[in-house]
Amino acid sequence: MKKYLIPLIALGIGGSAIAFNLLTRSSDSISQPPSIIQPVQAQSPTAQDKPILVQIHADWCPACKTLAPIVTSLQQRYQGRANFVILDVTDRGKTQASEAKARALGLSNFFAANKSQTATIALINPKNGQVIQTFRKNFDTQAYVKAIDNAITQVRQR
């Protein structure tokens, strides 16, 4: 137990991060208001045409280990049609690197609000930064497939 407590305290659980966790839950998914993150900074113009699947991951998280093969299969299935970003909070160094990655992609507010929520996967519209759908500890591959298909359609329409 102490092994997990130290990294969690270093991540600063509490305060403002908890406020974002008081969102309405529907099954295993959470819908977040669109104002949580800023528009995503595309690394290429074509990145703006693809939804972003962001995963909050930690090596010590049992749910993250269960999600790993699901995310891998989704990456293969949606290669070229969706972008995948893993923000790793396994330890202080990886958390700092993920914080820098999130900042570069325009995901700083999302990361700050969710970094203590391992096994969280969010679909984000890169054009406006809107969180389309968020899942927490959801192991239903078909739920992700449906959400990603909907996100692809939504991103292309706007």
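Helix α3 bends by about 35° at A68, and a proline, P69, follows within four residues. The bend at a residue is the angle between axes fitted to the seven residues ending there and the seven starting there.

A word on what you see. This is a predicted model, where local features need pLDDT of at least 70 and side-chain atom pairs count only at 80 or more, while totals for chains, interfaces and linings use all residues. Residues are numbered from 1 along each chain as its sequence is written, and side-chain values use heavy atoms, without hydrogens or water.

Back to the helix. With 16 residues at 1.5 Å each, α3 should span 22 Å, and its end C-alpha atoms are 24 Å apart, which agrees. The expected span is 1.5 Å times one less than the number of residues.

Which residues of α3 are buried? They are A63, C64, L67, I70, V71 and L74; buried means under 20% relative accessible area, with a 1.4 Å probe and protein chains only. Their cover includes β3, β4, β5 and α6.

Now the whole protein. There are six helices and six strands, taken as DSSP runs numbered from the N terminus: H or I of at least four residues for helices, E of at least two for strands.

The largest nonpolar core has 36 residues, and V54, I124 and I148 have the most contacts inside it. Such a core is a set of buried Ala, Val, Leu, Ile, Met, Phe, Trp, Tyr and Cys residues joined through side-chain atoms within 4.5 Å. Elements that each supply at least two residues of this core include α3 and α6.

Terms used. Buried means under 20% relative accessible area, exposed over 50%, partly exposed in between (1.4 Å probe, protein chains only). Contact means heavy atoms within 4.5 Å.
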